[in-house]
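Thanks for coming. I will walk through one structure this morning and keep to what can be read from it.

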Amino acid sequence: MSSAHHRRARLAARWRASGRTSRRLLLAGAVITAGFALVALLAPLLAPYGQAAHDAPQLARPSWSHWFGTTNLRFDVLSRVIFGARLAFEVVLASTAFALVIGVPLGLVSGYSGGRLDRALVLVMDALYAFPSLLLAIVAAFALARWVGPGVPAAALSISVIYVPQYFRVVRNHTLAVREEAFVDAARAMGAPKRVIIVRYVAANVLQSVPVIFTVNAADAVLTLAALGFLGYGVPLRTAEWGFDIGNAISDVGTGAWWTSLFPGLAIVGLVTGMSLLGEGVNDVLNPRLRAAGLASDVTIPLVDPEAASLPEPAEDGPGVPEGAEQELPRSVRAVPGISAGIVPDSGMIPAQNEPALAVESLSVTYRSPRGPVRAVDGVSLAVAAGESVGLVGESGCGKSTLGRAVLGILPAVAERSGRVLLDGVDLTADADAWRRARGDRLSLVFQDPATRLDPLQRVESHFVELIRAHRPGTSKADAARQAREVLAAVGVPPGRARHYPHEFSGGMRQRIMIALAVVLEPRVLVADEPTTSLDVLVEAQILDLLGDLRRRLGLAVVLITHNLGIVAETCDRVAVMYAGRIVEEGPIASVFAAPRHPYTQALLGAVITLETEAAVAVPGAPPDLAGPLPGCPFAPRCPLAMGICHDVRPGPTPVGRAHTAACHLYPGADPTHPAQAWEPTGRRLRLTEAPRAGTLR
Amino acid sequence: MTGEALVRVADLAVHFPVRRGVGGPKAVVRAVDGVSLEVRRGETLGLVGESGSGKTTLGRAMLRLVQPTGGRVEFEGRDITRLGERDLRPLRRRMQPVFQDPHAALNPAMTIGDAVAHPLLIQGLAAGRAEARARAAAMLERVGITPAGAFLDRFPEDLSGGQKQRVVLARALITEPGLVVADEPVAMLDMSVRALVLDLMARLGRELGLTYVLITHDLATARLLCDRVAVLYLGRVVEIGPAADVLRRPRHPYTQALLAAVPRVAPPTAGGPTRPVLAGEVPDATRIPEGCRFHPRCPFAFDACRPPGGTEPVLRPVGDGVDVACHLP
């Protein structure tokens, strides 16, 4: 298979993945534009009269001999409109070609080299860009008409003056970004000369955005050409040009001759619409990320739910907290609903004894995708008690982050959920308003990357004030600010820095701020999704200690999502191991880590590299495709102990120890001499298969 | 085979000028601030430390991907500190990088086959594209991308993270380098794949007689793969020696703190974890503390470490082949 084949396959996949509406718009745009192009190409054959022939009767109404009528200069309108299309295409193509030839290389060199040349070029281009574009084109047209004489080249050049800075800016900015990519370093490290790096590594990537700018600019160029013609600049009299013809027809409107301006006007509207639709469509298909931004897994979750802010909140006086308790913590953090008073403030319900703070029941999440539904979470049930910490572990793609989002109720629009999420016994899935109110309040979230979750334009304190006042409308700004300082102090951020901006903090400090935001409203449940993955090991230790401390003091129920088994071993009470959207093993840390029962858990633990590791054994193979049907145990294809039943029957959770379950057909009643029983936490490890199935295509 | 120095770094400094904010005061980031060490032929030397310790910049300076502002880098006995790009070119095939993010390390506009073949063409080591691609295919097979024929014309986006990192490795090894500087080669990979890639690197290292500089913040990875490790703090080596000694019996308080912070995958013992947590974070490399640069965070700092009067400790041998830069006896 050739690379062209793969390139086509990639485009075809994007085409299929794009929405039906954008595909239809693209097709409509392509048909309209192609129609105009055909007319332009065949103009001499289609036009009943020459574009310069002015021997028709003056200002004749549309008739059989002159379908669109004639003008006061005795031109045939239909012929002028047809030849006008030809001119429009000539000028658009030529002006774009000029702009590309000048703007793209300048942008590439300027962006890649940097330094003085870059600064000078940016200055010039910015000056051109800042100039009103039509005025710039008029000045250029005026000068060029004298210098090269009026005609298509002059018109094209004068329009390209507008677009050179645009191509330059887009290409330069894109180059600046690509220049920092590791593959450019790799090219430098292989000794590639600058010219080769710019062409094969930078331009090859940067130029992918050019078709998009082109289609967007083309429509604009048609309008600019018409505007120039309308004002009397651009092309000489006898050349058919829509804008020029409309300009000439202005005086006819008073005499009732509507046809002289209507038809060229419709032509402009038609071509501009066609090109715009085409541009938008190409953009959608080539850059699906722009379109899918709102649906992507990495949706930015506003700290304050705009809808929650408008909802009336029952006034909360808070349960009586013994004064003097928990001196170190601010008052706002001290009150522990359900623990200190045994009352959940919002619902007014008294939780039944041993009611878990968070309960997930038969939760499934399915993503719609071009390949069919993807079962990211598949019938998960999990309970977390107040003050308890449960680690959710597994390889990437096992559904642990989706589960976290499903609990919060912040799944992207392409997801479908079934099953229940209960907060203190209240089913949130039955009441969207309650879920919204709980989010950021009694149910909160800490993300992996704190840098992207704070608004760079807002002081740290304002984040708190906004959040507190959204959920506790009665709070004054001063009170909210005071609470912010208290909770910041509690997580180790000097209160004096509350009025600093997020970028003035280090990564570790920003994560502390995120945690402070997550706990300021005294949540019942905290979901932490890889909270320390972007941090250094020393800072990680500080953050984990902080989370543990808050959990104990506030009686928080914590769900810690991580791929790092070491963190779970050190900070959690229980662990749930996920594979292919299902929990395959769950139990107390001591039990699961000392005696893992599911072959997947055993393999995962064997793959961990610790300071004691002498030889790590990778988990062979790859997780299954969740878009396909998964009969039986999803781990069976990778499992060295798989039996016949594993491929056909889905195993359910089976008790394998105290509060310890595994979803595996080996249990119950497995042979005690079976290799799966012979796990040792250190030393000999269960070796799954000898030769890893490396390099298999996904 | 181990012993002779392949790379020798002497008093190396890499300082970057920065401006704090628009029109703000100028400052200098001292990313690498006086490092002397050698990488011995055939060994794997680990550079460990937190982000901001200068380990990545030191690695890039060894490859001359960044221009040192002071000191010297010698490669195979030749001073390459101030060589121009043209003179460096023939040396570049002997020293190659492997990057942290396999998704960013491959040109999205180039097929796998071309990406691996390109260094051969750039270096003039293959007669033509056909020969270069044939050798690329052989190298891809060697790193476990099999069958290579099915991958040559594919684009990087069709590959998983682990597969991309194998391709990056193939591209680095195709010109038969002596030195490979691998910057966090498995940090972005799934736990289950890491062991595979590390195992592959170790095997290729033995088979091809490679010398590795392994840059990592993960002490467990360093312990598994490295013969020696250098612990960096704020652009300086604070401890260097055999991995088994440095990571089993750390002497510098910073190394001790780093090791103590590594989460252990072991069933918790009674009493729960008691882990000394180091206060503060790596200070700003534009304002390196005077005296011992670690003193503001050091639980054992005493007068000799702090200004006034305190001095920056230099590396001194403490036995077992370990050198430590610390005033503590």
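Before the interface, one term: two residues are in contact if their C-beta atoms, placed from the backbone, lie within 7 Å. Please also keep in mind that this is a predicted model.

With that term, the contact between the two chains takes 59 residues from chain A and 61 residues from chain B. On the side of chain A that touches chain B, the elements giving two or more residues are α1 (3-17), α8 (182-189), α9 (194-206), α21 (537-554), α22 (565-571), α23 (589-594) and α24 (599-607) of chain A. Which of them gives the most? That is α21(A), with 7 residues. Sorted by class, this side of chain A has 34 nonpolar, 15 polar and 10 charged residues.

Now chain A as a whole. Chain A has 24 helices and 12 strands. Of its 698 residues, 47% are buried. Taking the contacts in chain A between residues at least 6 apart in sequence, 68% join residues at least 24 apart.

Next, two helix pairs in chain A. The crossing of α2(A) and α12(A) is left-handed. Where α2(A) meets α12(A), the contact residues are 12 nonpolar, 8 polar and 2 charged.

The second pair brings back α9(A), one of the elements on the side that touches chain B. The axes of helix α7 (residues 152-179) of chain A and α9(A) come within 9 Å and cross at roughly 130 degrees. So α7(A) is oblique to α9(A). Is this crossing left-handed or right-handed? The crossing of α7(A) and α9(A) is right-handed. From α7(A), the contact uses A:Val171, A:His174, A:Thr175, A:Val178 and A:Arg179, and from α9(A) it uses A:Val202, A:Asn205 and A:Val206. By class, the residues of this contact between α7(A) and α9(A) are 4 nonpolar, 3 polar and 1 charged.

One more helix in chain A. Helix α11 (residues 242-253) of chain A has 12 residues and spans 16 Å from its first C-alpha to its last, close to the 16 Å expected at 1.5 Å a residue. Its buried residues are A:Trp242, A:Gly243, A:Phe244, A:Asp245, A:Ile246, A:Asn248 and A:Ala249. What do the buried residues of α11(A) pack against? They pack against α4 (77-113), α10 (210-230) and α12 of chain A.

Last, some backbone details. Most residues other than glycine have a negative phi, and most peptide bonds are trans. Chain B has a cis peptide bond from B:Thr146 to B:Pro147, with omega near -10 degrees. B:Pro147 sits in the loop between α5 (129-142) and α6 (161-173) of chain B. The peptide bond from B:Pro307 to B:Pro308 is also cis, with omega near -5 degrees, and B:Pro308 is in the loop between α10 (253-261) and β11 (316-319) of chain B.

As for phi, A:Glu522 has a positive value near 55 degrees and is not a glycine. A:Glu522 is in the loop between α20 (507-519) and β7 (525-529) of chain A. Why does A:Glu522 count as buried? Because A:Glu522 has 20 C-beta neighbours inside 10 Å, and 20 or more is the cut-off for buried. B:Arg64, not a glycine, has a positive phi of about 55 degrees. B:Arg64 lies in the loop between α1 (55-62) and β4 (70-75) of chain B, and B:Arg64 counts as buried because it has 21 C-beta neighbours inside 10 Å.

Notes. Residues numbered from 1 in each chain as written. Chains lettered and ligands numbered in written order. Predicted model: local features only at pLDDT ≥ 70, side-chain atom pairs only at ≥ 80, totals over all residues. Helix = DSSP H or I, 4+ residues; strand = E, 2+ residues; numbered from the N terminus. Nonpolar A, V, L, I, M, F, W, Y, C, P; charged D, E, K, R; others polar. Buried ≥ 20, exposed ≤ 12 C-beta atoms within 10 Å, placed from the backbone. Left-handed = near helix turned anticlockwise from the far one by under 90°. Axes fitted to C-alpha atoms, helices over the stretch in contact; angles between N-to-C directions. Parallel < 35°, antiparallel > 145°, perpendicular 65-115°, else oblique. Expected span 1.5 Å × (residues − 1).
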